[in-house]
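Please keep the structure in view while reading.

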Amino acid sequence: PLATATTDAGGHFRMARLPAGELRIDVQHPDYPRVRVPATAGQFAAITVPVPGGITGEVRGRTTGALVARARIEATGPDGATAVADTKTGGTFRLLRLAPGSWRIRASAPKMRATEQQVEVPASATLGEPSVRDLRFDLDPA
């Protein structure tokens with residue numbers, strides 16, 4: 001990075017000694033999805049960080065209905081954003097801090113055939129909470 005800055009309580013920041021011309025600002029915060037925006041050195045930039053959404057769900061075996069531990073959930077969303085989660089012992093997963101929009105979610109597990117779903121993820125009503133709940137994947141044996 002050419003420069004870094006931290007916002008004040010009002011969300012304002014200033015970056016000094018940047019080269020003239022077009023730049024990209026990468027906004028990172030632990031509660032929000034990463035945002036990259038174009039900017040021009042020396043000009044005011046208004047950046048809006050979206051309220052994130054999230055997904056909770058479970059992975060089951062189609063023939064047995066049993067929860068699948070050790071499954072991997074891979075998500076690809078707007079602008080190529082990615083997120084990954086592994087199921088817990090109980091076969092459940094959580095993907096949080098997702099940018100609102102259309103996400104392709106893929107579930108896979110050892111000795112099982114992977115499957116995908118397209119999911120529309122809205123912004124969450126409460127920061128840090130999922131906006132899509134109880135998404136279910138049923139995997140067939142390989």
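## Strands and pockets

In this predicted model, an open sheet is built from four strands in the order β6-β3-β10-β8, with mixed pairing. Its edge strands, β6 (92-98) and β8 (112-113), each pair on one side only. Strand β8 is joined to strand β10 (residues 132-141) by two bridges, and these two strands run antiparallel. Within that pairing, arginine 113 has aspartate 140 in β10 as its bridge partner.

Further pairings involve strand β7. Strand β4 (residues 72-76) and strand β7 (residues 101-108) run antiparallel and are joined by five bridges; here isoleucine 73 stands opposite alanine 107 in β7. Strand β7 also pairs with strand β9 (residues 115-121), again in the antiparallel sense, over seven bridges. In this case arginine 106 stands opposite glutamate 116 in β9.

Two residues deserve attention for their backbone angles. Most residues other than glycine have a negative phi. Lysine 111, which is not a glycine, has a positive phi of about 65°. Lysine 111 is placed in the loop between β7 and β8. Is this residue, lysine 111, buried or exposed? Lysine 111 counts as exposed because its relative accessibility is 77%, and the exposed class begins over 50%. Aspartate 134 likewise has a positive phi of about 65° although it is not a glycine, but aspartate 134 lies in strand β10. With a relative accessibility of 68%, aspartate 134 is therefore also counted as exposed.

| Pocket | Volume | Lining by class |
|---|---|---|
| Largest pocket | About 1,200 Å³ | 19 nonpolar, eleven polar and four charged residues |
| Second largest pocket | About 550 Å³ | 14 nonpolar, four polar and four charged residues |

The largest pocket, with about 1,200 Å³ of space, is lined by 34 residues, of which Ala5, Phe13, Met15, Ile25 and Ile47 are the closest to its centre. The elements that give two or more residues to this lining are β1 (22-29) and β2 (32-40). Strand β1 supplies the largest share, seven residues.

Which residues lie nearest the centre of the second largest pocket? Among the 22 residues that line the second largest pocket, they are Pro33, Arg34, Val35, Ala81 and Ala99. Two or more lining residues come from each of β1, β2, β5 (82-86) and β6. Strand β2 gives the most to the lining of the second largest pocket, with five residues.

Technical notes. Residues are numbered from 1 along each chain as its sequence is written. This is a predicted model: local features need pLDDT of at least 70, side-chain atom pairs count only at pLDDT 80 or more; totals for chains, interfaces and linings use all residues. Side-chain values use heavy atoms; hydrogens and water are left out. Two strands pair if DSSP finds at least two bridges between them. Buried means under 20% relative accessible area, exposed over 50%, partly exposed in between (1.4 Å probe, protein chains only). On a 1 Å grid over the protein atoms alone, a cavity is a set of points where a 1.4 Å probe fits but cannot get out, and a pocket is an open set with protein on both sides within 12 Å along at least five of seven lines; lining residues have an atom within 4 Å of a point. Grid points are joined across faces, edges and corners, and a volume is the space filled by probe spheres set on the points. Ala, Val, Leu, Ile, Met, Phe, Trp, Tyr, Cys and Pro count as nonpolar, Asp, Glu, Lys and Arg as charged, and the others, Gly among them, as polar.
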